[in-house]
Amino acid sequence: MERYNGFVEQGHDSDFHKSALGLKVEQAPFYATPHKPSVHHTMGGLKIDTQARVINKEGDVIPGLYAAGEVTGGIHAGNRLGGNALIDIFTYGRIAGEKRCQPCLSNIE
């Protein structure tokens, strides 16, 4: 703890060559939990239009292919606030479902 707190005072962690947050660890008890890396959200993915249709590299709609949720990219530009993916899922999921199922829905009386 003394070594870590020294890094905090210096503003640099020389063990891992990174900045040290200004959070000293000073009062026991101390706890640790296991963590491992994972991907929560990417800023890339399939490009879609406002109708949830997938757009190819040439900028053309790929007929019959729709996408929604975290498989898509470009909705939030260069940043995404936590929880915003839920809006994408509901909005573009509904749009994609409606567009994809229009031929099916027209046969229902």
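Select A67 to begin: this residue sits in the loop between β5 and β6. Strands here are DSSP runs of E with at least two residues, numbered from the N terminus. The model is predicted, so local features need pLDDT of at least 70 and side-chain atom pairs count only at pLDDT 80 or more, while totals for chains, interfaces and linings use all residues. Residues are numbered from 1 along each chain as its sequence is written, and side-chain values use heavy atoms, with hydrogens and water left out.

**Stop 1: around A67**

Is A67 buried or exposed? A67 is buried, because its relative accessible area is 6%. Buried means under 20% relative accessible area, exposed means over 50%, and partly exposed lies in between (1.4 Å probe, protein chains only). Now show the neighbours of A67. Leaving aside residues up to four places away in sequence, A67 touches L46, I48, A52, V54, T72 and Y92. Contact means heavy atoms within 4.5 Å. A67 and G93 are 26 residues apart in sequence, yet their C-alpha atoms are 7.4 Å apart in space.

**Stop 2**

In soluble globular proteins, nonpolar side chains tend to be buried together.

**Stop 3: A52**

Center on A52, in the loop between β3 and β4. A52 counts as buried, because its relative accessibility is 0%. Check its backbone too: A52 is not a glycine, but its phi is positive, at about 70°. Which residues does A52 touch? Beyond those up to four places away in sequence, A52 touches L65, Y66, A67, Y92, I95 and A96.

**Stop 4: the sheet**

Switch to a cartoon view. Look for an open sheet of 4 strands, in the order β5-β4-β3-β6, with mixed pairing. Two strands pair if DSSP finds at least two bridges between them. The edge strands are β5 (61-66) and β6 (72-73), each pairing on one side only. Next, pick β4 (residues 53-55). β4 pairs with β5 in the antiparallel sense, over 2 bridges. Zoom in on I55: V61 in β5 stands opposite.

**Stop 5: T72**

Move to T72, in strand β6. T72 is buried, because its relative accessible area is 5%. Show what T72 touches: G44, G45, L46, I48 and A67, not counting residues up to four places away in sequence.

**Stop 6: two backbone details**

Go to H17, in the loop between β1 (12-13) and β2. H17 has a positive phi of about 55°, although this residue is not a glycine. H17 is exposed, because its relative accessible area is 65%. Then select A28 and P29. The peptide bond from A28 to P29 is cis, with omega near 5°. P29 is found in the loop between β2 (18-19) and β3 (46-48).

**Stop 7: L23 and its patch**

Finish on L23, in the loop between β2 and β3. L23 counts as exposed, because its relative accessibility is 56%. Together with L23, they make a nonpolar surface patch of about 320 Å².

Key: Patch = residues over 30% accessible without salt bridge, like charges linked within 9 Å, V, L, I, M, F, W, Y side chains within 5 Å. Areas by Shrake-Rupley, 256 points an atom, 1.4 Å probe, with all protein chains shown as cover. Salt bridge = Lys/Arg side-chain N within 4 Å of Asp/Glu carboxyl O.
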